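Thanks for making the time this morning.

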Amino acid sequence: MLNSQRSLSELPKMSAASQVERAVLEEEFNWLLKEEVHAVLKQLQDVLKEASRRFSMPTAGLESQHKQENFILGSSTMDQVKGVLTLQGEALTQADINLKIAKSSQALHFQFREDKQWKLQQIQDARNHVNQALQLLSSHDDSYHFKTGAEVNKLMDAVMLQLTRARNRLTTPASMTLPELATSGLMKMFTPPMPGDVMVNFYINLSKLCLTVYQLHVLPPNTTKNFKPAGSSVLHNPGAMFELNSNRFEVSHVHKVESVVPWLNDTLVFFTISLQLCQQLKDKISVFSSFWNYRPF
């Protein structure tokens, strides 16, 4: 009975201690919402502005972050394909490709026509996602007062979605079928025109600018039995088959060369830093939300 009375007498003290703890935590949480969230948003904006600046295109009369840069694509282990690509922001403004035809001494040389340049959609899309993330952040300036953790998490999720999409556009090149590649506008960019048994593709993979050259041979009409059209892929292997304009082709040789683009590497680092900042803020919010289940964090 005595023990029971002691337990009852201690209850108010525990409750008071709990109330003090809750008051302290609530004060810390309000400080987080008012001060630290905005400090993180400022950090995020600074990092993403640097990323956006890497993507910037030249503006008339202004000094651009991106002058034309030449990238030499080749391999020390093979010399069938060599290329020099000129990149300016998201645009390939010039391409100079030398190709040695396999099993012959024939050498081919192609360049972009002077009136043509090729937009790399991956870079354009990544830049757009970065700018959308910046718009989300700028819509909550220093005077904005976040009321709940849920509101902060919603903003972080939206920013992280844009950053993940931006990163994925650079790390995951688009898959294409061989007929799509054969009929793409890229095949009309060159002088002299590409022969019917050669196809090329340009794409970004992480921080690398990649050039793939496919050499083809026409399959005889009696190959119907063994003909199996290839599906969609980033890189098709020798032996892949496709049909175009009633002709059937097989890929005989594939040559891939690449070069690192330093500023693309920078942007991938900025994406990683930004995603970490967003996640760290979400983690801090979640620490407080576990104390007040009754509040809409």
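Let me begin with Lys-208, which counts as partly exposed because its relative accessibility is 32%. Please keep in mind that this is a predicted model. The side chain of Lys-208 meets that of Glu-258 in a salt bridge, with 3.1 Å from N to O, and this pair links distant parts of the chain, since Lys-208 sits in strand β8 (residues 208-218) and Glu-258 in strand β10, 50 residues apart. Glu-258 is partly exposed as well, with a relative accessible area of 29%.

Strand β10, which covers residues 247-260, also holds Arg-248. Arg-248 forms a salt bridge with Glu-243, their closest N and O atoms being 3.5 Å apart, and its C-alpha lies 5.4 Å from that of Leu-219, although the two are 29 residues apart in sequence.

In total, the count comes to 13 salt bridges. One of them joins Asp-266 to Arg-54, with the closest N and O atoms 3.2 Å apart; because Asp-266 lies in helix α5 (residues 262-289) and Arg-54 in helix α1 (residues 2-55), the pair ties together parts that are 212 residues apart in sequence. Arg-54 counts as buried, at 13% relative accessibility, whereas Asp-266 is partly exposed at 29%. Both belong to a network of salt bridges that also includes Glu-50 and Arg-53.

Notes
Residues are numbered from 1 along each chain as its sequence is written. This is a predicted model: local features need pLDDT of at least 70, side-chain atom pairs count only at pLDDT 80 or more; totals for chains, interfaces and linings use all residues. Side-chain values use heavy atoms; hydrogens and water are left out. Helices (H or I, at least four residues) and strands (E, at least two) are DSSP runs, numbered from the N terminus. A salt bridge is a side-chain nitrogen of Lys or Arg within 4 Å of a carboxyl oxygen of Asp or Glu. Buried means under 20% relative accessible area, exposed over 50%, partly exposed in between (1.4 Å probe, protein chains only).
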